Amino acid sequence: MQVLDIKTTTKFDTGLEDVLKELETTQKDFWNLDRNCANFLYSLIIMKQAKNVLEIGTSNGYSGLWILKALEITKGNFTTIEFWEKRQSAARNYFTSLFPDSKPDCRIGQAIIALEDLYDEIQKGKKQSFDFVFIDANKKEYIKYFELVDKILAPDGVILADNILTHYEKVTPYVENLFNRDDYTSQILDLGAGMMLSVRLQ
Ligand SMILES: C[S@@+](CC[C@H](N)C(=O)[O-])C[C@H]1O[C@@H](n2cnc3c(N)ncnc32)[C@H](O)[C@@H]1O
């Protein structure tokens, strides 16, 4: 069987494409998704027609740019969390220069605290629940993220989590918890570092 080097065909306008290509040269330094996985994330958000997307783990904004591009189509909002200020400030610069009208909600701080804040804001009606959540921060904390995400996820919301196969030991509590839940259907995909897709059933 022929092994293909190019696995996606999506190409954007020059401005965005140039930045993505530049960020792809430092992908390993910033722990970004590879292009194939980023394209999958982009496609899922469009398929879901997601209106409120949350990302846990912004880094320098590589995956965020794909998310914003998808949200241009679905006309949705983006919230992203990162505790490393320098990284998120780089991300914010890319977001504002390439998507000046998008106004992403970029939160700096520990993911767990930020998730608790989001829960409070949703309870108070200041923010809407999320219909798509991308988990890509501290692998050991995935289970804690899930406990909070479960409270802020809309009915039939979708969760995509990265590094499931490369960090299996650390994410085992997350995987086992979701596999034991009757109110979610989950599947591990052998894509990039291993992604788990979970869909809430109610
Ligand atoms: C794998 S990288 C995210 C890559 C990004 N999603 C992309 O594909 O472009 C994980 C990021 O999560 C951040 N992070 C790790 N633990 C965190 C925590 N407890 N709270 C907030 N951010 C965290 C790291 O600083 C890092 O930038």
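Two strands pair if DSSP finds at least two bridges between them. Helices (H or I, at least four residues) and strands (E, at least two) are themselves DSSP runs, numbered from the N terminus. With that in hand, the sheet here is open, has seven strands in the order β3-β2-β1-β4-β5-β7-β6, and shows mixed pairing. β3 (105–108) and β6 (184–189) are the edge strands, each pairing on one side only.

Before I go on, two notes. This is a predicted model, where local features need pLDDT of at least 70 and side-chain atom pairs count only at pLDDT 80 or more, while totals for chains, interfaces and linings use all residues. Residues are numbered from 1 along each chain as its sequence is written.

Back to the sheet. Strand β4 (residues 130–135) and strand β5 (residues 153–161) run parallel and are joined by five bridges. Phe134 has Leu160 in β5 as its bridge partner.

Now the helices. Which helices pack at an angle of about 15 degrees? They are α5 (residues 111–123) and α6 (residues 142–152), with axes 10 Å apart. Axes are lines fitted to C-alpha atoms, for helices over the stretch in contact, and angles run from 0 to 180 degrees between N-to-C directions. That angle makes α5 roughly parallel to α6; the labels are under 35 degrees for roughly parallel, over 145 for roughly antiparallel, 65 to 115 for roughly perpendicular, and oblique for the rest. Among the α5 residues that meet α6 are Ala111, Leu115 and Tyr119; contact here requires C-beta atoms, placed from the backbone, within 7 Å. The residues of this contact divide into 10 nonpolar, no polar and three charged. Ala, Val, Leu, Ile, Met, Phe, Trp, Tyr, Cys and Pro count as nonpolar, Asp, Glu, Lys and Arg as charged, and the others, Gly among them, as polar.

The other pair is helix α1 (residues 14–24) and α3, whose axes come within 10 Å and cross at roughly 155 degrees. α1 and α3 are therefore roughly antiparallel to each other. In α1, Leu16, Val19, Leu20 and Leu23 meet Tyr62, Leu65 and Lys69 of α3. That contact has six nonpolar residues, no polar ones and one charged.

Last, the ligand. Of the 18 residues around the ligand, Trp31, Gly57, Tyr62, Ser63 and Ala111 come nearest; a residue is near a molecule if its C-beta atom, placed from the backbone, lies within 6 Å of it. α3 (62–74) and β2 (77–82) are the elements that give two or more residues to this shell. By class, the shell has eight nonpolar, six polar and four charged residues.

Methods. Two residues are in contact if their C-beta atoms, placed from the backbone, lie within 7 Å.
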